[in-house]
Amino acid sequence: PWWSIKRFLVNMTDREIIYQAMVDHYCLHGLYGTVEKICQKSDSPKLCFWRAYALAMQDRPMDAIRELSVLQGDPNIDLAVTACLIHAHKACSEPDKKALNSLKGDLRKLSRESGTEGLLFAARFFWHSEKVKQARMCVEKVINKDRKNVEALSLYGWICLTSGLERQVKRSQAFFASALKAEAKHLPALSGRAHYNSCSNHFTKALTDANALIVRYPDYLPG
């Protein structure tokens, strides 16, 4: 389970990578209550976003809207926040049409103006919300500017891997390989390649990657 953390994480980058990986894991399995618990006491804007997203996915759109509204204006997450607010408003029993129209205008503007971090964070939201076309568009904007962006490559690999399309699933390996070439122990790329190899019955290769994950990220223990 998510709380099985054996030792202090001294590197904040590692902490962020691990928590995002756990959020991704539980979102993919539809365990939104667990996502809410992971993010419950955090003051990180990104984890606060995922807590709000989890509320929206548990049929609590008004709670989600309240939490998301506080997060507006941060350029690193604003595109995702705006897209999630639209999702939450649409889920309300009586959607606020005026607010929705304003948010849609903001979304178009932010889609044009967001930088790399904002685009990749939004891509994650779109991916988990099954808006694959929008997720791909966000990641492709980043890759077109920087073909060696490890986060973009690994995320695109996961989008392909979870597409349900055999050709795309196989294509995911090229993205994981490119990410790992740039950063040999990148958690999302390693876990993605391990997942692919396991599903393809390449168990020895999957075990090798799993062992590498345990050594590099001993605190990454999704249940």
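A disulfide is a pair of cysteine sulfur atoms within 2.5 Å. By that criterion, a search of the whole structure, which is a predicted model, finds zero disulfides.

Take C48 to begin with. Its closest cysteine sulfur belongs to C39, and the gap is 8.0 Å, too far for a bond. C48 is also buried, because its relative accessibility is 12% and the cut-off is under 20%. The closest cysteine sulfur to that of C160 sits in C199, 15 Å away, so a bond is ruled out by distance. C160 has a relative accessible area of 0% and therefore counts as buried.

Now turn to the nonpolar interior. In soluble globular proteins, nonpolar side chains tend to be buried together. Here the largest nonpolar core holds 72 residues. Its members with the most contacts to other members are V35, F49, W50, Y53, L68, F125 and V139. Beyond its neighbours up to four places away in sequence, W50 touches Q20, V23, V35, C39, F121, R124, F125 and H128. Among these, V35 and F125 are themselves on the list of core residues that touch the most other members.

Next comes helix 6, residues 97-113. Which residues of helix 6 are buried? They are L100, L103, L107 and L110, every one a leucine. Viewed down the helix axis, these buried residues fall within an arc of 85 degrees, so they line one face of helix 6. The cover over the buried residues includes helix 5 (78-91). On the other side of helix 6, K98, N101, R108 and R112 are exposed. The N-terminal end of helix 6 is capped by D96. One of the side-chain oxygens of D96 lies 3.1 Å from the backbone nitrogen of K98.

Last, consider N149. It lies in the loop between helix 8 (132-145) and helix 9 (150-161). Is N149 buried or exposed? N149 counts as buried, because its relative accessibility is 14%. The side chain of N149 reaches two backbone nitrogens: that of E151 at 3.2 Å, and that of A152 at 2.9 Å. Setting aside neighbours within four places in sequence, N149 is in contact with T116, L120 and V142.

Conventions
Residues are numbered from 1 along each chain as its sequence is written. This is a predicted model: local features need pLDDT of at least 70, side-chain atom pairs count only at pLDDT 80 or more; totals for chains, interfaces and linings use all residues. Side-chain values use heavy atoms; hydrogens and water are left out. A nonpolar core is a set of buried Ala, Val, Leu, Ile, Met, Phe, Trp, Tyr and Cys residues joined through side-chain atoms within 4.5 Å. Buried means under 20% relative accessible area, exposed over 50%, partly exposed in between (1.4 Å probe, protein chains only). Contact means heavy atoms within 4.5 Å. Helices (H or I, at least four residues) and strands (E, at least two) are DSSP runs, numbered from the N terminus. The expected span of a helix is 1.5 Å times one less than its number of residues. The arc is that of the directions from the helix axis to the C-beta atoms. A polar contact is a pair of N or O atoms within 3.5 Å; within protein, one must be able to donate a hydrogen and the other to accept it, and residues adjacent in sequence count only if both atoms are side-chain atoms.
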